[in-house]
Amino acid sequence: MMIEKNISLKTSNTFGLDVITDRFFSFSNLEELKEFITQFEGDLKEILILGGGSNMLFSKNYEGIIIHPKIDFIKTIKETDDDIFLEVGSGINWDYFVTFCVKKKYYGAENMSLIPGNVGATAVQNAGAYGTEAKDLIITVKAYDLHEKKEVTLSNEECNFEYRNSIFKSENYKNRILITSIIYKLSKKSKYDLKMNSYSGNYISKRFKYWKEFFTHLRKSVNLKSVREKKLLDYRFLKNLLEDSGLLPLSIKRRIVIKTRTSKLPDINKLGNVGSFFKNPIISIEKANQLKEAYPDAILFPYLEDKMKVSAAWLIDKCGWSGKRIGGAGTLKHLPLTIVNYGNATSEDIITLATKIEESVLLTFDVIIEKEVVLI
């Protein structure tokens with residue numbers, strides 16, 4: 001076991017900020033972690049768990065010890081005719097795992113292609129894209145309690161998954177419960193095949209029932225009036241087309257998702273970023289109606305029966321922050337909820353820009369936008 005000292009974290013955070021940590025410990029298996037925590041004599045509050053650094057913003061050098069899991073394995077736990085259960089080490093790059101699933105023709109993770117970060121972070125953040133969230137795939141999270149020095153296992157329900165949130169971000173669990181592996185459930189058949197198998201009758205009858213149901217669902221999921229008036233197509237159209245039509249091979253679905261993401265988000269190796277810096281705010285139906293009345297072009301999405309999501313990008317753009325810079329930090333013109341490092345940004349530049357955006361949105365719309373990034 002070796003603890004490195006005064007290590008630069010520039011390559012360990014996707015903003016590419018050149019901050020220093022006092023101490024850095026990485027491990028490849030549970031036994032190494034147990035040995036470390038048994039011998040650790042410092043204050044447990046000094047510990048920061050760091051995965052791929054895709055959702056962290058360091059405000060300054062870290063005066064403590066960073067623990068970095070590098071647990072790297074994928075193994076089959078159980079398999080049925082329709083499903084496969086895979087246990088995946090928390091240190092594996094998430095998109096590597098998605099690629100693995102697509103090559104093996106395991107369905108479920110493809111909509112989350114190219115999401116940055118490691119496997120462990122998908123549970124912490126309840127990462128998601130195009131209608132799929134980590135909670136839809138996660139069966140069990142295996143972890144280690146650094147305080148109690150014991151292994152723990154949490155079911156999907158115990159993780160308390162919400163929109164970009166989980167129990168692992170709570171004060172009681174943060175930097176205490178270290179995720180070591182996650183068990184995911186993937187399907188060996190497409191949703192199209194599963195749906196077709198559920199119908200009775202001969203092949204032609206099944207096809208008729210399927211397409212009738214598909215187009216009925218598709219018509220309901222797309223607000224045609226919205227398309228005509230605002231030229232805005234609900235993201236659920238893409239989700240339905242990708243998942244339910246049965247027209248596209250899994251590899252093609254992944255390519256479409258990657259092309260869509262790369263057309264919006266820059267390469268983190270060229271422009272440091274954490275993807276979406278802000279969450280889409282969740283507001284009441286009453287507030288959504290007020291917003292829609294005042295701003296007919298407001299972009300809103302259904303969330304719960306009594307809640308709506310409002311596009312953070314739309315709010316920020318309306319406040320005039322698209323493409324604006326402070327120092328070396330700036331927002332993307334076409335996707336202003338993403339803050340990027342143009343090469344020489346400091347953490348102060350990024351925090352100042354984010355704060356000014358938050359203040360503008362609150363003043364203009366009386367809506368609070370929360371950071372998706374974790375400020376350290």
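A polar contact is a pair of N or O atoms within 3.5 Å, of which, within protein, one must be able to donate a hydrogen and the other to accept it. In this predicted model, asparagine 280 provides an example: a polar atom of its side chain lies 2.9 Å from the backbone nitrogen of alanine 312. Asparagine 280 itself sits in the loop that links strand 13 (272-273) to strand 14 (282-284). Beyond its neighbours within four places in sequence, asparagine 280 is in contact with Tyr163, Leu337 and the residues Lys309, Val310, Ser311 and Ala312.

Four strands form an open sheet in the order 1-2-5-3, and their pairing is mixed. Strand 1 (4-8) and strand 3 (47-49) are its edge strands, each pairing on one side only. From one strand to the next, the twist averages 45°. Within the sheet, strand 2 (residues 20-27) and strand 5 (residues 62-69) run parallel and are joined by six bridges. Arginine 23 stands opposite isoleucine 65 of strand 5. Helix 1 (residues 30-39) packs on this sheet, where it touches strand 2, strand 3 and strand 5, and its direction makes about 135° with that of strand 2.

Helix 8 (residues 250-264) comprises 15 residues and spans 22 Å from its first C-alpha to its last, close to the expected 21 Å. Its buried residues are Leu250, Lys253, Arg254, Val257 and Arg261. These residues lie on the same side of helix 8 because they cover an arc of only 100° around the axis. An α-helix has 3.6 residues a turn, so residues three or four places apart point the same way. The face of helix 8 turned away from the buried side carries the exposed residues Arg255, Lys259 and Ser263.

Methods:
Residues are numbered from 1 along each chain as its sequence is written. This is a predicted model: local features need pLDDT of at least 70, side-chain atom pairs count only at pLDDT 80 or more; totals for chains, interfaces and linings use all residues. Side-chain values use heavy atoms; hydrogens and water are left out. Helices (H or I, at least four residues) and strands (E, at least two) are DSSP runs, numbered from the N terminus. The expected span of a helix is 1.5 Å times one less than its number of residues. Buried means under 20% relative accessible area, exposed over 50%, partly exposed in between (1.4 Å probe, protein chains only). The arc is that of the directions from the helix axis to the C-beta atoms. Contact means heavy atoms within 4.5 Å. Two strands pair if DSSP finds at least two bridges between them. Axes are lines fitted to C-alpha atoms, for helices over the stretch in contact, and angles run from 0 to 180 degrees between N-to-C directions.
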